[in-house]
Amino acid sequence: MNQADAFEILKLGENIFLTGPAGCGKTFLLNKYIRHLRKNNIRVGVTASTGIAATHLNGRTIHSWCGIGISETMTNAQIKALVKKEQLKQRITSTKVLIIDEVSMLNAKRLDLVDYICKAIRQDVRPFGGMQIILCGDFFQLPPVSRGEEDNRFVTESSIWKNMDINICYLEDQHRQGDKSFLRVLNDIRGNSVTKDTSTILRKRLNKEVATKIKPTKLHTHNRDVDSYNNSELDKIEEDEVVYEMKSNGDKHLIKGLKNGYCLAPEILKLKKGAVVMFVRNNFGKKYVNGTLGKVIGFDADDNYPIVETISGNTIVASPESWNIEDGSEVVASVSQVPLRLAWAITVHKSQGMSLDCAEIDLSKTFEYGMGYVALSRVRSLNGIKLVGINSMALKVNKEAIKLNKILFAKSKKDLKKSSGMDKKAMEKKQKDFLRKNKDDDNYNTIFEYHFK
């Protein structure tokens with residue numbers, strides 16, 4: 001399927017899973033559809049599984065959008081408390097189309113929870129309370145990050161996936177990479193058909209400098225390597241160091257969970273004028289989101305908080321933010337910190353969804369299927385890569401993703417055939433009807449009982 005085919009299917013108002021290889025234009029198409037909806041005064045919820053992915057659509061995380069925070073399950077009392085939140089209720093009931101990008105990193109339980117909350121708040125038993133749902137992602141990329149006993153299944157294993165009559169739009173054309181030999185490498189990795197020739201092409205970039213004036217972004221597989229490099233770069237800056245310590249309050253066990261699993265700001269944040277930083281929290285009022293990059297240009301005279309100039313040119317005083325765990329209306333654990341971290345280097349996980357002109361990539365410690373594919377496919381050409389290390393895991397992809405890919409590709413062909421078989425006037429009528437129709441049709445509304453487990 002190409003982008004034009006997929007765009008016509010999106011406009012029909014069907015539930016869609018938009019997929020395809022890295023660089024095929026999934027985000028481009030989503031942004032095109034978002035503009036189409038807004039032009040026609042259709043309210044759209046723009047979200048992604050991670051903060052950085054959300055920035056590519058000027059959206060927010062799905063966790064923030066529907067109020068679930070770090071949870072993958074919620075009690076009846078917690079859901080009832082969510083339903084009473086007026087701002088959340090207004091947001092979900094007024095939304096006509098919900099987009100969730102990078103769903104490969106969202107697990108099955110969380111998608112079911114999002115579905116349930118939408119049904120409960122909208123008082124509508126249809127999937128997601130009757131909204132059109134656009135899921136987007138590529139299962140060859142990074143899988144859900146599971147902590148402890150958390151679910152690590154793809155969203156295709158969720159209960160709602162089987163009940164939402166989803167259409168598959170599988171984009172085949174790749175637009176990011178125009179280098180044929182590089183495309184061969186990426187397609188070989190994706191198809192689980194890496195040969196000696198594939199490895200030879202890639203190994204030519206081992207310790208090969210990139211011919212560019214732009215300093216390559218460093219991609220590492222582990223946080224500790226990213227932290228080590230960022231700290232060494234900070235040490236090179238001959239400016240006064242300012243230190244910010246995280247504050248916490250509430251249940252000690254829950255606080256530990258906040259520090260280890262949800263709050264991306266470090267417990268001890270050290271900054272200097274000139275430091276490259278990344279925001280790690282959403283604050284739409286102050287014009288930053290999780291993933292916004294910038295540089296510290298000074299410190300404010302009143303509280304000594306860092307002043308950050310973002311890559312888009314905004315100047316922001318980064319005052320502390322809070323990360324909370326709530327039980328009903330009560331905050332049971334909370335941490336507070338300046339919402340920044342150093343960003344000369346980033347992890348492969350955080351790079352997913354980015355397009356880079358050049359990168360210095362270390363895959364010597366690859367530990368997850370799809371990690372090498374994600375890191376390499378961020379870059380537009382083979383000559384833009386300096387490879388400083390690689391292991392055998394780096395060229396492997398998830399076997400379940402390979403099986404699933406065949407199913408999705410075949411389903412996409414059937415869905416394209418179905419839409420192509422529609423009379424042009426009938427298709428245009430259905431698209432116009434979708435723009436006009438009221439999704440809160442009383443025929444579908446029912447009293448919704450709380451019974452989520």
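Me: In which sense, left-handed or right-handed, does helix 8 pass helix 9?

Reply: The model is a predicted one, which should be kept in mind throughout. The crossing of helix 8 past helix 9 is left-handed.

Me: At what angle do the axes of helix 8 and helix 9 cross, and within what distance do they come?

Reply: Helix 8 (residues 180-190) and helix 9 (residues 196-203) have axes that cross at roughly 125° and come within 10 Å. That angle makes helix 8 oblique to helix 9.

Me: Which residues of helix 8 and helix 9 meet?

Reply: From helix 8, the residues are S181, R184, V185 and D188; they meet D197, T198, I201 and L202 of helix 9. Sorted by class, this contact has three nonpolar, two polar and three charged residues.

Me: How do helix 1 and helix 2 cross, left-handed or right-handed?

Reply: Helix 1 passes helix 2 in the right-handed sense. The axes of helix 1 (residues 3-10) and helix 2 (residues 26-39) cross at roughly 40° and come within 11 Å. The two helices are therefore oblique to each other.

Me: Which residues make the contact between helix 1 and helix 2?

Reply: Helix 1 contributes Q3, A6, F7 and L10, which meet F28, L29, K32, Y33 and H36 of helix 2. By class, six residues in this contact are nonpolar, two are polar and one is charged.

Me: Turning to the sheet, in what order do the six strands lie, and is the pairing parallel or antiparallel?

Reply: The general idea is that strands of a sheet pair through backbone hydrogen bonds, in either a parallel or an antiparallel arrangement. Here the six strands form an open sheet in the order 3-2-4-5-1-6, and the pairing is parallel.

Me: Over how many bridges do strand 1 and strand 6 pair?

Reply: Strand 1 (residues 16-19) pairs with strand 6 over four bridges, in the parallel sense. Within this pairing, N167 in strand 6 is the bridge partner of I16. Helix 2 packs on the sheet, where it touches strand 1, strand 2, strand 4 and strand 5. The direction of helix 2 makes about 165° with that of strand 4.

Me: How many bridges join strand 4 to strand 2, and how many join strand 4 to strand 5?

Reply: Strand 2 (residues 44-48) runs parallel to strand 4 and is joined to it by five bridges. On this side, L98 in strand 4 stands opposite G45. Strand 4 and strand 5 (residues 132-136) also run parallel, joined by four bridges. There, L135 in strand 5 stands opposite I100.

Me: Which way do the residues of strand 4 point, and are they buried or exposed?

Reply: In a regular strand, side chains alternate between the two faces of the sheet. In strand 4, V97, I99 and D101 point one way while L98 and I100 point the other, and all are buried. Since five of the five residues of strand 4 (residues 97-101) are buried, the strand is largely enclosed by the rest of the structure.

Me: Is H220 buried or exposed, and which residues does H220 touch?

Reply: H220, in strand 7 (residues 217-220), counts as buried because its relative accessibility is 13%, and the cut-off for buried is under 20%. Leaving aside residues up to four places away in sequence, H220 touches D225, V226, A345, I346, T347, V348 and D362.

Me: What is the phi of F128, and what is that of D165?

Reply: Most residues other than glycine have a negative phi. F128 has a positive phi, near 55°, and D165 also has a positive value, about 50°. F128 is placed in the loop between helix 7 (108-122) and strand 5, whereas D165 is in the loop between strand 5 and strand 6. F128 is buried at 0% relative accessible area; D165, at 62% relative accessibility, counts as exposed.

Me: Where does E149 lie, and is E149 buried or exposed?

Reply: E149 belongs to the loop between strand 5 and strand 6. With a relative accessible area of 82%, E149 is exposed. The C-alpha atoms of E149 and L88 are separated by 28 Å, the two residues being 61 residues apart along the chain.

How values were computed. Residues are numbered from 1 along each chain as its sequence is written. This is a predicted model: local features need pLDDT of at least 70, side-chain atom pairs count only at pLDDT 80 or more; totals for chains, interfaces and linings use all residues. Side-chain values use heavy atoms; hydrogens and water are left out. Axes are lines fitted to C-alpha atoms, for helices over the stretch in contact, and angles run from 0 to 180 degrees between N-to-C directions. Angles under 35 degrees count as roughly parallel, over 145 as roughly antiparallel, 65 to 115 as roughly perpendicular and the rest as oblique. A crossing is left-handed if the near helix is turned anticlockwise from the far one by less than a right angle, and right-handed if clockwise. Contact means heavy atoms within 4.5 Å. Ala, Val, Leu, Ile, Met, Phe, Trp, Tyr, Cys and Pro count as nonpolar, Asp, Glu, Lys and Arg as charged, and the others, Gly among them, as polar. Buried means under 20% relative accessible area, exposed over 50%, partly exposed in between (1.4 Å probe, protein chains only). Two strands pair if DSSP finds at least two bridges between them.
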